[in-house]
Every structure is written in C-alpha cells, then in structure tokens.
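Let's take a walk through a protein model together. Have the sequence and the 3D view ready, and we'll go feature by feature.

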Amino acid sequence: QAEKKLPPQLAKVLVYDLLFGKGLKCGGRWKALARRHRARLEAELARLKVQQKVSRNEDLLAPAASPTASQLPRYVRVNTLKTCVEDVIDFFKRQGYSYQGKADSLEELRAISKKKFASDLHLPELLVFPSQTDFHDNLLYTSGHIILQDKASCLPAFLLDPAAGSHVIDACAAPGNKTSHLAALLKNKGQIFAFDVDTKRLATMNTMLMRAGVTGFQLAQQDFLTVDPRDPKYARVTHILLDPSCSGSGNVWGSGRDPQSGSGQRLQALAGFQRKVLSHALSFPALQRLVYSTCSLHREENEDVVHAVLQEQGSAFRYAGHRGSQRRGRGTGCCGARGTQHGGLKLKLFTSISSSLPVAAKENLQHGEGTGTRAAAPRKRKRKKQQVK
C-alpha cells in the first residue's frame, strides 16, 4: 500500500539519494520503504555499470547528459599539505600532458582537449583537465597529492578562508573533500571538528583524510543539531562550514532531468531542517564567519532560508562580501555557480555570513579566547614543497 501511494517524482528522489547522493536523510515510512528495496536497487545499479562498461556510479549519468554537460572539464585540486602546484604541473608534464598556463577566460577552459591542462582562473590550487579524464589509478591520486573535487565544491572552503590556527567546524562533513580543503587552508594548524551521522561514510572519510595528510581533526558520528555550542571544547570555534542535506536538484543540472521536479512537501521539510541547523550554527559564541552552501536550485533552500534566519538573528550577523561568483539577485546576499557561466561547474549556491561585532570587540574576543583569527583579507600563503617523483 505504501508503494502505491509513493509519488513517482519522490521515488526518483529517494533512489537518487540512496544510490548517488549523500544517503537517505529523510525518516519515517519513505526511508523504510527505500531501504527495503536497497539490495535490488544496488543489484540493478551494478548490472547497469557492467552493461555500460563503467566503474563509477557517476559515469552512468553521462549518457543522459545534454551536449554541454558532456563537455564539462575535470577539476583536480592540488593538496598543498603534501605538495605544491608547481611540482604537480611538472609531474603531469612528465606524463605527456601539455600545460597551457593559467586560463584567461572560461572559454579557454571549455576548449581544453586531449592531453592538455590548465590552471583555473579563480582558484590557484585547481587544475583543469579535459572531460572524462580518469585519475583513479594515477600515483598522485592514490598517494593523496591531488583531490578529485569539482570547482563548485571547492568554493565554500575558499570563501570561508580560515586563518592558520583557527578552530573550524565542518557541520555536515562526509565524504570529506571540503574538510581536507579546510585543513590545507589551515596548513594543518588549529583544529577541525567534523560531524556526520553515517558510520560508514565517516570511516571512509577518515581513510581519505589520513591519505591526504590531514592532522588536527576530530570526527564525530553525531547529528550537528545535538552539539552543544556552550561546550568548552568549541569555545574557540570562529569559522563554520555548513553544507546541509538538500534536494540535490543542482547535481543533475544539464543531465536532461527536470531540476524543479520533486515533492513540494519534501522541499518544505528540507527548508525547515536547513533553517534549524543554520540557526544552531550561528549560536556558537565565538563565531565570526559562516559559509552556508547547498547544491539546490530552489530558492526555498537558499535565499529564503538565509533571509529568514538572519531576520531572527537581528543585527548579530550580516551578509559578507563575495568573490568570483554570480549574484542570485540584488539584495539576496547569495551567490551561485553553474555550468554555463563557470566553465563546467556542478551547481552550488552559497552565501558567506559574518559576525556584526565591532572590530574592537572582535579583537578583545580573540585575545580573551585565544582564537588566533584575523579579519578575512587576502593573504599570501607560503608553500611547503614535497617533491613528486
């Protein structure tokens, strides 16, 4: 009876979350129903991969993609905890790739083909390769010197921009690419608290972080909403990265699917959860900057959530400035990145929120609490090189 009442579009969302997304975050009968058929669904997924001669789930989405989606470049983030951009470029040159230098335009990134690659025009540690380039057996990937991470996924940590020595929370951390990016920005100095509710995903994340050379992190199998902001261990947390569960409508942009499809009831439930978790994050006493991001197209999960929470906060927090992104509308304070404007990004919506404390009060807080933070201003980072042989 439950299966007969399940709306087709909701069924698609549940299957996508179960097999391709971050797992089932819903509860009740729909979650139980999806789990009941999990073994059959996974068997069908395995059969499809054999038929299509692919090894990764993501590759199954490519045949249904639009012509523009099939041309999206492959992004690779250099892990500066283990090496530097210059050494990685030299390594790929020795493997027969031709380095094109730093791209001057998005058109250049879209035109990359064959064994050519370039540096991204916005993020200095990001290299761009032709679509479908496979690095899973590459020495740099297996040793943790490079991270396979879409540009849109790199933007939240880049915007959060914590100084070395800061205490940072990654509220919805698994699978851990953003956590490793935060560690690189921190230069492995300070502390990262990472939370996720899924045991298997946390175990995988721990392995990935160790391979990437990340230190100074604490993983907790815990719902972020149950974390006590007044716990003394979080007294020095000044930066929070919040990438909560969402509809995932941006993940399938350009794939021939309708990003506006799905249950309106589910959207409202997700938006309610997102408002709750954002409000909770803003309650940490020493917080100075928070980046809220989703991979959803829906305004209900983005601008509406942030606007409602900031209205509740009064003057305590404000929208911060943004760099290198497309504004989602005047006065919204939210920015977006999507394929046609950014040379092949999966869609990501994000906003940066800063404390409205006066500068003097922030300085007193830093000296009193020993946070070791500083104003979010551009800075030069020295690279500790590790030769890649």
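This is a predicted model: local features need pLDDT of at least 70, side-chain atom pairs count only at pLDDT 80 or more; totals for chains, interfaces and linings use all residues.

Start with the open sheet, where five strands line up as β2-β3-β4-β1-β5 with mixed pairing. Which strands stand at the edges? They are β2 (98-102) and β5 (146-148), and each has a single partner strand, so one side of each has no neighbour in the sheet. On average, neighbouring strands here are turned by 30 degrees against each other, direction ignored.

Strands of a sheet pair through backbone hydrogen bonds, either parallel or antiparallel. Strand β1 (residues 74-78) pairs with β5 in the antiparallel sense, over three bridges. Look for Val 76, which stands opposite Leu 148 in β5.

## Two helices to look at

Helix α9 (residues 177-186) lies across β1 and β5, and runs at about 40 degrees to β1.

Then there's helix α11 (residues 264-281), with 18 residues. From first C-alpha to last it reaches 26 Å, close to the 26 Å expected at 1.5 Å a residue. Its buried residues include Leu 267, Leu 270, Ala 271 and Gln 274. An α-helix has 3.6 residues a turn, so residues three or four places apart point the same way. With that in mind, find Leu 267, Leu 270 and Gln 274 again, which are among the buried residues of α11.

## Rings that pair up

Searching the whole structure turns up 15 aromatic pairs. Take Tyr 234 and Phe 284: the ring centres are 6.1 Å apart and the planes sit at 75 degrees, so this pair is edge-to-face. Tyr 234 lies in the loop between β8 (217-221) and β9 (237-242), while Phe 284 lies in the loop between α11 and β10 (289-294), so the pair ties together parts that are 50 residues apart in sequence.

Elsewhere, ring pairs link Phe 91, Phe 92, Tyr 97, Tyr 99, Phe 117, Phe 129 and Phe 135 into a cluster.

Cys 246 is buried, with a relative accessible area of 13%. Cys 84 counts as buried as well, at 0% relative accessibility.

Terms used:
Residues are numbered from 1 along each chain as its sequence is written. Side-chain values use heavy atoms; hydrogens and water are left out. Buried means under 20% relative accessible area, exposed over 50%, partly exposed in between (1.4 Å probe, protein chains only). Two strands pair if DSSP finds at least two bridges between them. Helices (H or I, at least four residues) and strands (E, at least two) are DSSP runs, numbered from the N terminus. Axes are lines fitted to C-alpha atoms, for helices over the stretch in contact, and angles run from 0 to 180 degrees between N-to-C directions. Contact means heavy atoms within 4.5 Å. The expected span of a helix is 1.5 Å times one less than its number of residues. Rings of Phe, Tyr and Trp (its six-membered ring) pair if their centres lie within 6.5 Å; planes under 30 degrees apart count as stacked, over 60 as edge-to-face and the rest as tilted.
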